[in-house]
Amino acid sequence: MAVSLREYRARIKSTESMKKITRAMELIAASRIIKAQQRAQAAAPYARELTRAVSAVATFSHVDHPLTTESEDPKRAAVLVVTSDRGLAGAYSSSVLKEYERLASKLREEGKEIETYVSGRKAEAYLRFRNRSVVQAWTGHSDQPHYEVAREIGQALIDAFLLDDDETGEREVDGGTVSFAGVDEVHVVFTRFRSMLTQEPTTVRLLPLEVVEGEDKPSREELLPLYEFEPSPSEVLDGLLPRYVQSRIFFALLQAAASELAARQKAMKSATDNADELIKKYTRIANQARQAGITQEISEIVGGVNALADATAGSE
Amino acid sequence: MSLHVELVAADRLVWSGEADRVIARTAEGDIGVLTGHAPLLGLLVEGVVDVQTTDGETWVAAVDSGFLSVANDRVSILSETAEMAHDIDLSKARQDLERAHEAGEGDDEARTEVRRLEARVRAAERSS
């Protein structure tokens, strides 16, 4: 009994220190969420102006652009999965990956091959563990994405999209070369931040572009003016569309970051609550064990005394 | 009447306010915008944006490639990175530029980088 009492005490102690950690993580996540939301808000004007400009060009010039052209017979699709770098965020990463698997099997049913691009260590680990190929992975930024990363990812996806089906390209990245195949579609799987309580995994088809979609499309009543283009509509479009793609990816990364932090806060809060409960339970058991130990000792002493008394009585 | 100007970088709104005149560099050359300008969508190259506000002040900013859109006396300047000149450290900007010159202008990327750094130095020089 005395041994198990010590064990319970050790358990209480370790649960207490775990509680401290989860509590700290909860607080950190809570403070970062506000920052993440501010960043998402700060990025909104750029996205809004870009969307306006793109829809203006699309409305007034009927220029075909490779990035908006649908392939007649799509054979290969690229999927970008956005997960977190670290765990301890509840079901955050696994629900994105579930969404990815759903999309992947749907695309496969349509007879398309899948090229996977990854942002976040969790998805990379998930896919590599299952020996599935990953074309390129970007990691180390999941809770504070920078525009640079969005630009890199955007460029990589555009490069792949602009290649023909049967071609493959190569790109130098630090630590070697990455070879990628041409794709006909690009999808992004990320988690949309609805509120602190709900974040939902979402799939968006990024390329070919469907212009006049998106978060902040200008209202119908707002008439778009008749623009002059400098140097020319097609060149303006050339400059605009890649940026539009990058800004959509940046949007996805920011949403994912806010969702990750919200999920982490929630997970850590329930972990802290659980730790509290465990501590309570273990304390009760420990008290019981202590009591039982004392009772046993007393009864042993009493038993001993009685035995002694019997022995003395017998010898007389 | 005045122009409503917004200078927007990819991750934040850098400046917004009323202005009398905006000068920016498009792919075709410098362009000046006054009130009542016809709607315009232009490609910007790495360079300096010069804005004269309604209080008679002038500020400059360094931008890398981006867009200028003008419509109904609203001017939006979009650029992935935009920096107000007074936020740029001139001596540091000069050092960066020198280093880029030394590294050479081998490919397009390096040339763009040099042009961007030149724009930063120019902007900082003009504000000081």
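Predicted model: local features only at pLDDT ≥ 70, side-chain atom pairs only at ≥ 80, totals over all residues.
**Domains.** I started with how chain A is divided. I found domain 1 (2–21 + 269–315) and domain 2 (25–265). Then I looked up the separation of their centres over C-alpha atoms, and it comes to 57 Å.

**The sheet.** Next I went through the strand order in chain A. Five strands make an open sheet, β3-β2-β1-β6-β7, with mixed pairing. I noted that β3 (136–138) and β7 (199–207) of chain A are the edge strands; each has a single partner, so one side of each has no neighbour in the sheet. From one strand to the next, the twist averages 25°.

I also checked one pairing in detail. β1 (residues 76–82) and β2 (residues 113–119) of chain A run parallel and are joined by seven bridges. A:Leu80 has A:Tyr117 as its bridge partner in β2(A).

**Helices on the sheet.** I looked at α2 (residues 92–109) of chain A, which packs on the sheet and touches β1, β2, β6 (185–193) and β7 of chain A. Its direction is at about 150° to that of β6(A). I then turned to α3 (residues 121–129) of chain A, which lies across β1, β2 and β3 of chain A and runs at about 140° to β2(A).

**Contacts with chain B.** Which side gives what? I get 24 residues of chain A in contact with 23 residues of chain B. On the chain A side, α1(A) gives the most, with 10 residues. By class, that side has 17 nonpolar, two polar and five charged residues.

Last, I followed the strands across: β8(A) runs parallel to β4 (residues 40–44) of chain B, joined by three bridges. There, A:Glu228 stands opposite B:Leu40 in β4(B).

Methods
Residues numbered from 1 in each chain as written. Chains lettered and ligands numbered in written order. Domains from an automatic or database assignment. Pairing = 2+ DSSP bridges. Helix = DSSP H or I, 4+ residues; strand = E, 2+ residues; numbered from the N terminus. Axes fitted to C-alpha atoms, helices over the stretch in contact; angles between N-to-C directions. Contact = placed C-beta atoms within 7 Å. Nonpolar A, V, L, I, M, F, W, Y, C, P; charged D, E, K, R; others polar.
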